[in-house]
Amino acid sequence: MAQRPVAVMRGLPAWLATTLVLLLTLGTLAAVALRAEVGHGLSAGDWAAIRFTLGQAAVSALVSVALAVPVARALARRRFRGRGVLVMLLGAPFILPVIVAVLGLLAVFGRGGLLNAGLEAAGLAPVSIYGAGGVVLAHVFFNLPLAVRLILQGWVQIPAERFQLAAQLNASVWRLLEAPMLARALPGATLVIFLICLTSFAVALTLGGGPRATTVELAIWQAVRFDFDLGRAALLSCIQFALCATAAAVAWRVTPVDGFGGGLDRVVARWDQSLWDWLWLAAVTVFLALPLAMVIWRGVPGLGDLGPGIWAAAGRSVAVAAGSTALSLLLGLALALRGGFVTSIVGVLPLAASALVMGTGLFLLLFPFANPATLALPVTLCVNAVMALPFVLRVLAPAVKDIRANYGRLAETLGLRSVDLLRIVIMPRLRRPLGFAAGLTAALSIGDLGVIALFATDAQETLPLAMYRLMGAYRMDAAAGAALLLLALALGAFWVCDRGGRMHVDA
């Protein structure tokens, strides 16, 4: 085993990656800070946006985690045919384009959706998905699966021997094992989801709006896009960065580091099962699968309503996703090979930043020299790459660390140069994580509706933006067709990249 990391391409590439990330995070923050009009203060509407941002994020995180606990417990206690499919379904919302999920939720909970059709048949008043309730509902749809996956890890880490000991003592499994585990796992999971909800621009754009349901990011977009009040947009961007940085720092601090110790990796045979397990699993399956099924059901007839402009927008989305994926992988690989505490901090900076804050900063930097609309696609490409970087590093860094530990001493013995070591030893063994990271980045970029909404005109619009404009024009059939196309592109990109990384990996 290698006793120290082998120096592999740890110089210039890592510094270039660090410089680009710092420019797009702290650099854009400095740009908006210099433009912020602190002396004018915040209006009543701005304070309302701050309160709503914090309030909806807190409620969304608490509801997501509260619902995730019984679902994760049911998955931990039950072994059944199709369990793997359900766990895979829990990962789908993470790569699902937000605008597609919103359309699916509208098909179920919207004015003409399944729920209101049932209420009308029963003679009851309809419900509205727009406003604070709709924003929270969409956030729960996206983040309940993430909360389940995070909390389920806590159950998985409890050794089977602890459950056997509880059975021998006739002790309460909940009091002895599960409650202490949740006390460590829930704060971190809640804060991670809270941070995600702080930066969920597309949800607020499609389901929020109005004085009572405007987030800080939505207020930034309105200030740039409609009012052209760059000073107010800059001030709000600074506030958004402060909120995200604070949440990210607190989440980092409360991440649990201790556990129950090791075991013999035996399968846990749970005796404390309940009928409620099946009810919770059925409910979460319907909640996640029904909106997706409605997108497919309504999208197939709408494919015929797609004009040339939609297909051109789809092409731009694919091109931007390809570029952002390549850039994000290069940045992530350079930082993963460099390693160290500083690069790990640089890698998580995008979590504290917001795509809209970066977009606003770039808008301010570019506006004196060029029309930002002409650079909408390159700017979106760069921002998408940096926003995906934390996830790319989370995949690549452990793999690089394992390769160094297993092959570092052998490489030193053979006297391999850095380039040869990278080509012969590291890259072949990184194919699987690189493929997964590429698929994740491509899917997230294809479905992104963020910075592009700040810059783009009709000539630069991507498929998510084109779909949003179709929904705004009440062309719901065409929007459903565009949603199905977007869903196919996002899932297809993930599958192609992930499958490509796994092909011949053992050859």
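Student: Is Asp458 buried or exposed?

Tutor: Asp458 is exposed, because its relative accessible area is 57%. Here buried stands for under 20% relative accessible area, exposed for over 50% and partly exposed for values in between, with a 1.4 Å probe and protein chains only. This is a predicted model in which local features need pLDDT of at least 70 and side-chain atom pairs count only at pLDDT 80 or more, while totals for chains, interfaces and linings use all residues. Residues are numbered from 1 along each chain as its sequence is written, and side-chain values use heavy atoms, with hydrogens and water left out.

Student: Which residue forms a salt bridge with Asp458?

Tutor: The partner is Arg469, and the closest N and O atoms are 2.9 Å apart. The two are eleven residues apart, with Arg469 in helix 20 (residues 463-472) and Asp458 in the loop between helix 19 and helix 20. A salt bridge requires a side-chain nitrogen of Lys or Arg within 4 Å of a carboxyl oxygen of Asp or Glu. Helices (H or I, at least four residues) and strands (E, at least two) are DSSP runs, numbered from the N terminus.

Student: And how exposed is Arg469?

Tutor: Arg469 has a relative accessible area of 28%, so it counts as partly exposed.

Student: How many salt bridges does the structure hold?

Tutor: There are three. One of them pairs the side chains of Asp46 and Arg232, at 2.8 Å from N to O. Asp46 belongs to helix 2 and Arg232 to helix 11 (residues 230-254), so this bridge ties together parts that are 186 residues apart in sequence.

Student: Why does Asp46 count as buried, and where does Arg232 stand?

Tutor: Asp46 counts as buried because its relative accessibility is 3%. Arg232, at 23% relative accessible area, is partly exposed.

Student: Changing topic: what is the secondary structure of the chain?

Tutor: It comes to 21 helices and zero strands. Of the 507 residues in the chain, 51% are buried. Taking contacts between residues at least 6 apart in sequence, 85% join residues at least 24 apart; contact means heavy atoms within 4.5 Å.

Student: Which residues have the most contacts inside the largest nonpolar core?

Tutor: Those are Val100 and Met467, in a core of 153 residues. Such a core is a set of buried Ala, Val, Leu, Ile, Met, Phe, Trp, Tyr and Cys residues joined through side-chain atoms within 4.5 Å. Beyond its neighbours within four places in sequence, Val100 is in contact with Val295, Met467, Ala483, Leu486 and Leu487.

Student: What about Ser64, buried or exposed?

Tutor: Ser64 is buried, because its relative accessible area is 0%. This serine lies in helix 2. Leaving out neighbours within four places in sequence, Ser64 has contacts that include His139, Asn143 and Ile193.

Student: And where does Ile452 lie?

Tutor: Ile452 lies in helix 19 (residues 452-455). At 0% relative accessibility, Ile452 counts as buried. Setting aside neighbours within four places in sequence, the contacts of Ile452 include Ala376, Thr380 and Leu465. Ile452 and Ala373 are 79 residues apart in sequence, yet their C-alpha atoms are 9.2 Å apart in space.

Student: Last one: what is the phi of Tyr474?

Tutor: Phi is near 60°, a positive value in a residue other than glycine. Tyr474 sits in the loop between helix 20 and helix 21 (476-502) and is exposed, with a relative accessible area of 70%.
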